[in-house]
Amino acid sequence: MRIAGLQKLTLLDYPGKTAATVFTPGCNFRCPFCHNADLVTGGAERGTAASAEAVSLDEFFAFLSKRQELLDGVCVTGGEPLLQPGIEDFCARVHERGFAVKLDTNGSFPDRLRALVEAGLVDCVAMDVKNAPERYAETVGVPAFDLAPVQASLDFLRAGALPYEVRTTVVRELHTADDLRALAAWVQGVRAWHLQSFIDAESVLGGTGRFHAWDPDDLRALLPELQAVVPGAQLRGVD
């Protein structure tokens, strides 16, 4: 298990809890709008602007031992955390210290996700659902992408084994209103679906200035139609 960066306090990443966020390097997707380019490519030992430089496991657990009364949980994000060997042991060690674990995943490793959940090593999951099935390969930057593993992860979460949410970063160049309608039909039955606005940055994988957010008013106008299919659909971070 490698840690590429650490955000020592977040009030947003783990709903209802104070948490630290661990960033893991490497990803099997190449979403051009991803704002964690360094993490995705694994070419740098740093995460987002909010994270520090690479942290050893010993350093992380020494930090965690000093936060027993201050933090409720740890968010494990990336990159794609389920690529990491040793993530099972990492989550177990976090639990042993009395902290809850939230996992962020792109859903492409359903067997590892299921194993972690069934072993009681994860308490909450946030899964990215990138786009309507017909545009998934384009959106994740992987030609001829096989959607079956993502479908399996989505079905597993919908079965209600633990608290979860799915989320979509909405990008004007990649998501039409019809795409979001088709995506709503695909994720129908999920408890919570958060649509969040794309935010441009120098760290975007496809380059600064290439992608843009939807107009907030347009998203708000479309939301009731999406909620008719997915009642738990909500906007997040939309000004």
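Contact here means heavy atoms within 4.5 Å. Helices (H or I, at least four residues) and strands (E, at least two) are DSSP runs, numbered from the N terminus.

This is a predicted model: local features need pLDDT of at least 70, side-chain atom pairs count only at pLDDT 80 or more, and totals for chains, interfaces and linings use all residues. Residues are numbered from 1 along each chain as its sequence is written, and side-chain values use heavy atoms, with hydrogens and water left out.

**Stop one: helix H2.** Select residues 57–65. Phe60, Phe61, Phe63 and Leu64 are its buried residues (buried: under 20% relative accessible area, 1.4 Å probe, protein chains only). Look down the axis of H2: these residues fall within an arc of 155 degrees, so they line one face of the helix. The arc is taken from the directions from the helix axis to the C-beta atoms.

Now show what covers them. The cover includes strands S1 (5–10), S2 (19–23) and S3 (73–77), plus helix H3 (87–96).

**Stop two: the cores.** A nonpolar core is a set of buried Ala, Val, Leu, Ile, Met, Phe, Trp, Tyr and Cys residues joined through side-chain atoms within 4.5 Å. The largest has 68 residues. Pick Phe60 and Trp193, which have the most contacts inside it. Helix H7 (residues 177–187) gives the largest share of this core, 5 residues. A second, separate core of 5 residues includes Ala19, Cys75, Ala100 and Cys124.

**Stop three: the cysteines.** Select Cys75, buried at 1% relative accessible area. Its sulfur is 8.1 Å from the closest cysteine sulfur, in cysteine 124, too far for a bond. A disulfide needs two cysteine sulfur atoms within 2.5 Å. The count is 0 disulfides. For cysteine 27, the nearest cysteine sulfur, that of cysteine 31, is 6.5 Å away.

Note on methods. Buried < 20%, exposed > 50% of the residue type's maximum accessible area, 1.4 Å probe, protein only.
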